[in-house]
Every structure is written in structure tokens, then in C-alpha cells.
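I opened the notebook to look up a few things in this one. Here is what I went through, entry by entry.

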Amino acid sequence: METLHIRRGLVSDAPALTAFATRTFTEAFGADNRPEDLQAHLTASFNVARQTTELIDPNVATLLATMDQKLLAYAQIRHQSPPPCVTQEKPVELHRFYVDHRVHGQGVAQRLMAAAHAAAHAFQGRHLWLSVWERNLRAIAFYRKEGFADVGRKDFYVGKDCQSDRVLVAAVRPSRPDDASSRHP
Ligand SMILES: CC(C)(COP(=O)(O)OP(=O)(O)OC[C@H]1O[C@@H](n2cnc3c(N)ncnc32)[C@H](O)[C@@H]1OP(=O)(O)O)[C@@H](O)C(=O)NCCC(=O)NCCS
């Protein structure tokens, strides 16, 4: 049985994270966006300089889930002002949450979410908030299973395309000792 390991990202992870983030965003949303909008988003959001900045930012926790040194998923938790529909106390944003499609439905996302809660707790957060494209039904179903509630909406731009995101909130859960590194089912 292989071990899934979740750890904080290092500056040296920036090139691999950039490649993984570019691939997973493209796989998730490439078919539903105009190529020029997709490319504009990829160029602005995923490049080694940007990921390096995020990895060294003390207000951002970048979590990498690996198995046999292979990157399988990542999440970013950050201090960020929420939209007005988030009224819960001490909100911390779950900014990015991506799992390689080859391991969807295998529990990796649940393990990463537990680590995201622990990171939010370490940021003194009491609630995690996130925004998710209203058409991303799989992600919405996953977040609902994880206890997130829909509190409203916000705009999200992919290139020049203004899309409607749902805004979801969950109370931060206390972490368990086996959350950081665990057996893959
Ligand atoms: C979102 C994500 C992290 C969830 O991880 P996952 O391993 O796929 O999650 P799970 O399989 O445990 O849960 C997904 C649920 O959605 C259901 N589902 C799948 N396709 C669906 C659809 N089209 N409509 C509604 N529900 C759907 C699944 O059946 C499952 O529910 P179940 O366990 O009750 O059967 C992962 O799919 C992912 O990385 N997606 C691409 C990137 C992304 O969208 N990130 C979120 C950005 S906000």
C-alpha cells in the first residue's frame, strides 16, 4: 500500500507546481472556456515567478499531496478579504484545490481537505470560505460532502469572461494526528 504524503510547498517546488497547476486547470476548465480566455488566465496565474511569490508569502499556505515523490494534488489557503456574503467570523480563504483527475474519487481530496482545515486553524481561522464556478458540479458536490454551505455568489474572471461563482463556507475542523500523512485507500 502506498503512502500519501501532504506537506508545505517549498520555493524549490515552484516549477513543478506551476506545471501541475497549469495542467489541472486546463483539464478541469479548458473545454468550457474560449482558448484566448483560458490562455490569459494561465499566463497570469501560473508561472514560476507567481508560484515562487506565493510559496514564500507568509499569508499563503501551499499544500502539496505526493505519492512516491509524484505530485497528485495541491491546495492553497490564504488570508484574503472575503466577499460580503461571508459573514462568519475569522474567515480564511481556500483559494485553490486541485486533484489529478487520475485519482479523483479515491480519497485524496478528503485527505487534502483535512490538511487545508489544519492550515486554516494555524492561520487562526474559524471558517474556510471558497468560490467555485456554478457549473463545476463535481466540485460543488464534493464541497457539500465536506460540510460547506452555500452563502452567496461572486464574479470570477477567466480572461475577459465574467463567470458566476458560488461562495461556500465551512467551520474549520480541528486536525487529527493522522491527517498530514496517511495511507492511500
Ligand atoms: C473537486 C475535486 C477536488 C473533488 O475531488 P474528487 O476526488 O473528485 O471528489 P469525490 O469523488 O470524493 O466527490 C465528488 C462527488 O461528485 C459527484 N459527481 C461527479 N460528477 C458529478 C456531476 N457532474 N454532477 C454532480 N455530482 C457529480 C461524485 O459522484 C462524488 O459524489 P459521491 O461520492 O457521492 O459519489 C476534484 O474533482 C478536482 O480536482 N476537480 C478538478 C479541479 C477543481 O474543480 N477544483 C475545484 C476548484 S474550486
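This is a predicted model: local features need pLDDT of at least 70, side-chain atom pairs count only at pLDDT 80 or more; totals for chains, interfaces and linings use all residues.

**Entry 1: Ser12**

In which loop is Ser12 found? I found Ser12 in the loop between strand E1 (3-8) and H1. Helices (H or I, at least four residues) and strands (E, at least two) are DSSP runs, numbered from the N terminus. Residues are numbered from 1 along each chain as its sequence is written, and side-chain values use heavy atoms, with hydrogens and water left out.

I then checked how open the spot is. Ser12 is exposed, at 60% relative accessible area. The cut-offs I used are under 20% relative accessible area for buried, over 50% for exposed, and partly exposed in between (1.4 Å probe, protein chains only). I also took a distance: Ser12 and Arg153 are 141 residues apart along the chain, and their C-alpha atoms are separated by 36 Å.

**Entry 2: the ligand**

Which residues are closest to the ligand? I got Phe97, Gly105, Asn136, Arg138 and Lys145 as the closest, out of 19 residues that surround the ligand. A residue counts as near if one of its heavy atoms lies within 4 Å of the molecule.

Next I went through atom pairs at the ligand's oxygen atoms. A polar side-chain atom of Asn136 lies 2.7 Å from a ligand oxygen. From Val99, a backbone N or O atom lies 2.9 Å from an oxygen atom of the ligand. His104 has a polar side-chain atom 3.3 Å from a ligand oxygen. A polar contact is a pair of N or O atoms within 3.5 Å; within protein, one must be able to donate a hydrogen and the other to accept it, and residues adjacent in sequence count only if both atoms are side-chain atoms.

Taken alone, the ligand exposes 950 Å², and the protein buries 68% of that. Those areas come from the Shrake-Rupley method with a 1.4 Å probe; for residues, only the protein chains shown count as cover.

Which elements give two or more residues to the shell around the ligand? I listed helix H1 (14-29), strand E4 (91-99), helix H4 (108-122), strand E5 (127-133) and helix H5 (137-145). H5 gives the largest share of that shell, seven residues.

Ile140 is found in helix H5. Is Ile140 buried or exposed? Ile140 counts as buried, at 9% relative accessibility. Ile140 and Leu168 are 28 residues apart in sequence, and 8.8 Å apart C-alpha to C-alpha.

Gly147 is found in the loop between H5 and strand E6 (149-158). I have Gly147 down as partly exposed, at 48% relative accessibility.

**Entry 3: positive phi**

Most residues other than glycine have a negative phi. I noted Gln124, which has a positive phi of about 65° although it is not a glycine. Gln124 lies in the loop between H4 and E5, and is exposed with a relative accessible area of 59%. Lys90 also went into the notebook, with a positive phi of about 45° although it is not a glycine. Lys90 lies in the loop between E3 and E4.

What does the side chain of Gln76 make a polar contact with? I found the side chain of Thr62 at 3.0 Å and the side chain of Arg96 at 2.6 Å. Gln76 is in strand E3 (residues 70-78) and is buried, with a relative accessible area of 1%.

Thr43 lies in helix H2 (residues 35-45). The Thr43 side chain reaches the backbone oxygen of Gln39 at 2.8 Å.

**Entry 4: cysteines**

How many disulfides does a search of the whole structure find? The search finds zero, a disulfide being a pair of cysteine sulfur atoms within 2.5 Å. Cys85 counts as partly exposed, at 22% relative accessibility, and Cys162 counts as partly exposed at 38%.
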